Amino acid sequence: MTDFSTSADTLVVPCPAKINLFLHILGRLPNGYHQLQTVFQLLDYGDTLTVRQRQDSQLTLSPDLADVDNKDNLVLRAAIALRRFAGYQGGADLYLEKRLPIGGGIGGGSSDAASTLLALNQLWQLNLSLDTLASIGQQLGADVPVFVHGATAWAEGTGEKLTPLSIPSKWYLVLRPNCFVSTGEIFSHQQLTRQDAPIKIAAFLEGGTGNSCQPLVRKLYPEVDKALIWLDKFSPAMLTGTGSCVFASFDNEDAARAVLAQRPEGTEGFVARGVDLSPAHTALGIA
Ligand SMILES: C[C@](O)(CO)[C@H](O)COP(=O)(O)OP(=O)(O)OC[C@H]1O[C@@H](n2ccc(N)nc2=O)[C@H](O)[C@@H]1O
Ligand SMILES: Nc1ncnc2c1ncn2[C@@H]1O[C@H](COP(=O)(O)OP(=O)(O)OP(=O)(O)O)[C@@H](O)[C@H]1O
């Protein structure tokens, strides 16, 4: 068993979740990806990654995730992509404490990948810029760049054109119905609406925006529909990303926790605070 006690050659980094405070789909690009407008709200809750320098060139990842082969894990894929880009010869032991539900629309895999890039860039003293790390990360997932840049942001393009945004701090309850939604399935679905008109940041701040994937996802997944109806009784509820998680905001932690405690059987969830800056950046001392 690998010993991951903290020392000079070890970094411990949070991998925060995100929610999409709104999500519009403007159209489809020639590569099949969709042109979006969204606000990524970072949360102070997520997975935790520990990276430790090795004296040889091996890259190891533990423990195994139940549903993801190690070779497909975005942590290992990010480490390999970074090492190849930088022409670095050394290795590292990586340990991922997974808390975020997979396929929930809260960006867990992308955040794990981003924290891997940020941490190994420091551990291996590669000195690559955030822009460079974000472009390496974008090849791994559309949500990786926002986690690399580490700020709650207005996003356009496929999520890589980012404008930091300060949102009044709120508490969020994120509820996960008992189902997994494939992002690819929703984006390739015939009935997805892809014709939202572009809006300005001011229009989002004035309210009234929504998630354009929500009508289709709640139709395909009755569990999502039920979760939205239930949570909406306490505070306006919305889908994040392509789901399956839904969320609602509350003025304080106690109010959010009181609702979480009554959640319907079969659902799981967590309460987290919205943050302007990524806890990964704070932990690594990135300005
Ligand atoms: C919907 C969001 O969660 C909003 O935050 C993200 O844009 C999805 O980001 P992600 O899970 O990192 O997505 P990826 O792993 O890059 O892509 C999964 C699949 O979703 C589709 N996809 C994703 C993002 C995007 N802007 N257009 C797409 O059409 C593609 O078919 C792709 O094969
Ligand atoms: N470390 C990881 N954590 C979670 N999923 C991973 C990881 N590595 C690879 N994956 C794969 O990535 C896919 C997407 O997982 P993720 O949890 O990021 O989805 P998501 O929350 O819907 O993301 P998004 O909000 O970016 O659409 C999963 O199907 C899983 O097989």
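# Close-up views of a predicted model

**View 1. Helix 2 packs with helix 3.** In this predicted model, helix 2, which covers residues 108-123, and helix 3, which covers residues 130-138, pack at an angle of about 140°, and their axes are 10 Å apart. The two helices are therefore oblique to each other, and helix 2 passes helix 3 in a right-handed crossing. On the side of helix 2 the contact is made by Ala 113, Ala 114, Leu 117, Leu 118 and Asn 121, while helix 3 brings Leu 133, Ile 136 and Gly 137 to it. When the residues of this contact are divided by class, six are nonpolar, two are polar and none is charged.

**View 2**

**View 3. Domain 1 meets domain 2.** According to the domain assignment, the protein has a domain 1 that runs over residues 10-165 and a domain 2 that runs over residues 171-275. The centres of domain 1 and domain 2, taken over C-alpha atoms, are separated by 22 Å, and 25 residues of domain 1 are in contact with 33 residues of domain 2. On the side of domain 1 that touches domain 2, strand 1 (10-28) and strand 2 each supply at least two residues, and the largest share of that side, ten residues, comes from strand 1. By class, this side of domain 1 has 13 nonpolar, ten polar and two charged residues.

**View 4. Residues surround ligand 1.** The surroundings of ligand 1 are made up of 19 residues, of which His 34, Gly 141, Ala 142, Phe 187 and Gly 241 are the closest. Strand 2 (34-54) and helix 5 (183-187) are the elements that give two or more residues to this shell. Each of the two domains, domain 1 and domain 2, contributes at least three residues to the shell around ligand 1. Divided by class, the shell around ligand 1 has 14 polar residues, four nonpolar residues and one charged residue.

**View 5. Ligand 2 lies between the two domains.** Both domain 1 (10-165) and domain 2 (171-275) give residues to the shell around ligand 2, so ligand 2 lies between them. There are 20 residues around ligand 2, and those that come nearest are Leu 74, Gly 108, Gly 109, Asp 143 and Gly 241. The elements that give two or more residues to the shell around ligand 2 are helix 1 and helix 2, and helix 2 provides the largest share of this shell, namely four residues. By class, the residues of the shell around ligand 2 divide into twelve polar, five nonpolar and three charged.

**View 6. A cis peptide bond leads from Ser 62 to Pro 63.** The peptide bond from Ser 62 to Pro 63 is cis, and its omega is near -15°. Pro 63 has its place in the loop between strand 3, which covers residues 59-62, and helix 1, which covers residues 74-86.

**View 7. Gly 243 and Ser 244 are joined by a cis peptide bond.** The bond that joins Gly 243 and Ser 244 is a cis peptide bond, for which omega is about 15°. Ser 244 is found in the loop between strand 8, which covers residues 238-239, and strand 9, which covers residues 246-250.

Methods
Residues numbered from 1 in each chain as written. Chains lettered and ligands numbered in written order. Predicted model: local features only at pLDDT ≥ 70, side-chain atom pairs only at ≥ 80, totals over all residues. Near = placed C-beta within 6 Å. Nonpolar A, V, L, I, M, F, W, Y, C, P; charged D, E, K, R; others polar. Domains from an automatic or database assignment. Axes fitted to C-alpha atoms, helices over the stretch in contact; angles between N-to-C directions. Parallel < 35°, antiparallel > 145°, perpendicular 65-115°, else oblique. Left-handed = near helix turned anticlockwise from the far one by under 90°. Contact = placed C-beta atoms within 7 Å.
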